[in-house]
Number of protein chains: 2
Amino acid sequence: MPGGHQWRHRFRENACRWTMPREVILDVLSRASRHMSAKEIYASLYAACPGTGLTTVYRTLELLQRLGFVRKFDAGDGQSRYELRGEGTQDHHHHLICTRCGKIIDFRDFIEEELELVKKTEDALAKKHNFQILDHNIEFLGLCDKCR
Amino acid sequence: MPGGHQWRHRFRENACRWTMPREVILDVLSRASRHMSAKEIYASLYAACPGTGLTTVYRTLELLQRLGFVRKFDAGDGQSRYELRGEGTQDHHHHLICTRCGKIIDFRDFIEEELELVKKTEDALAKKHNFQILDHNIEFLGLCDKCR
DNA sequence: TTGTTATTGATAATCATTTTCATTTATAAT
DNA sequence: ATTATAAATGAAAATGATTATCAATAACAA
């Protein structure tokens with residue numbers, strides 16, 4: 001419910017209806033931990049909106065991604081993961097992934113330097129390959145504390 | 001056949017047998033384009049080694065990845081892609097991916113700056129989270145020439 | 001209140017990848 | 001060279017994530 005009105009408004013702007021499953025999925029995404037898989041989200045849904053199908057979860061996530069509200073990424077295991085994307089650069093982060101147990105850690109270190117390099121690379125690449133670059137990912141792979 | 005002896009030797013060192021499917025898969029990987037999916041590799045195999053099963057392709061790729069000869073990555077469509085990893089830093093590269101048509105472009109620009117930043121970040125992250133970092137990926141997502 | 005149309009949920013279908021298991025084959029030992 | 005053995009293979013079935021189908025439902029503009 002908190003912030004619900006803003007979402008509702010952003011949905012309306014895009015000619016999308018504001019429904020219970022969508023509200024609840026957004027709520028789960030905003031309050032629960034990051035990096036949730038479709039199935040995890042589906043499982044978290046039962047309390048607030050029982051009967052919601054896994055199909056709807058996938059469809060909603062696809063919509064949210066298309067509207068730019070959610071970022072989808074792959075952490076190496078066979079399933080996609082989803083996280084709400086914040087507004088400003090304070091939310092900009094990347095992932096540190098344990099290739100053995102799948103643990104994911106967000107990091108925001110060196111964002112300034114990163115953005116500088118990324119911007120430079122992005123400009124050069126965009127020009128060189130005539131690409132319109134919309135996003136980027138940086139991830140580190142390795143073994144976590146417990147798995148090393 | 002060219003370079004086959006080196007591979008054979010590297011396999012032996014790891015107590016792995018040197019078989020026809022493995023030789024042919026390595027050959028395909030080394031001569032064909034990068035970013036091949038399992039099915040593409042499988043399709044390229046017929047001429048040199050008909051009868052090779054898709055299962056064997058997957059198993060071989062898994063082995064090659066485990067031995068560190070091949071890098072597996074995900075380009076956003078539902079399938080994994082594989083590429084031979086070269087030795088030195090001259091082979092170090094990353095990907096520019098078109099999210100609409102799936103086109104993948106390698107880039108090596110700004111590798112020096114990148115490695116510097118990456119090294120710094122890596123050290124800090126490794127210490128901070130007690131992670132043993134083994135690899136990293138940087139990818140840019142956007143629309144290619146034809147799709148924009 | 002009503003009509004239109006997007007959205008939903010159950011089910012089935014798809015697609016990549018993995019497992020199973022009997023058969024074959026590389027290779028070390030004889 | 002022959003043989004024994006464990007690794008590797010291939011066919012087929014199983015799995016698991018994601019997508020398509022379609023009739024029923026619900027949001028919301030009029």
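Buried area is the accessible area (1.4 Å probe) that two parts lose on being put together, summed over both. In this predicted model, local features need pLDDT of at least 70 and side-chain atom pairs count only at pLDDT 80 or more, while totals for chains, interfaces and linings use all residues. Residues are numbered from 1 along each chain, chains are lettered from A, and side-chain values use heavy atoms, without hydrogens or water.

Chain A and chain B bury about 3600 Å² between them. Carbon and sulfur atoms carry 65% of it. On the chain B side, B:Phe110, B:Phe131 and B:Phe140 lose the most area to chain A, together 19% of what that side buries. The contact (heavy atoms within 4.5 Å) takes 36 residues from each of chain B and chain A.

Four salt bridges (a side-chain nitrogen of Lys or Arg within 4 Å of a carboxyl oxygen of Asp or Glu) are counted between the chains. One residue pair in a salt bridge is B:Lys120 and A:Glu113, with the closest N and O atoms 3.2 Å apart.

The largest nonpolar core holds 25 residues. Such a core is a set of buried (under 20% relative accessible area, 1.4 Å probe, protein chains only) Ala, Val, Leu, Ile, Met, Phe, Trp, Tyr and Cys residues joined through side-chain atoms within 4.5 Å. Leu96, Phe131 and Phe140 of both chain A and chain B touch the most other members. B:Phe131 touches residues of chain A including A:Leu96, A:Ile105 and A:Arg148.

Definitions and conventions. Buried < 20%, exposed > 50% of the residue type's maximum accessible area, 1.4 Å probe, protein only. Lists of a residue's contacts leave out its neighbours within four places in sequence.
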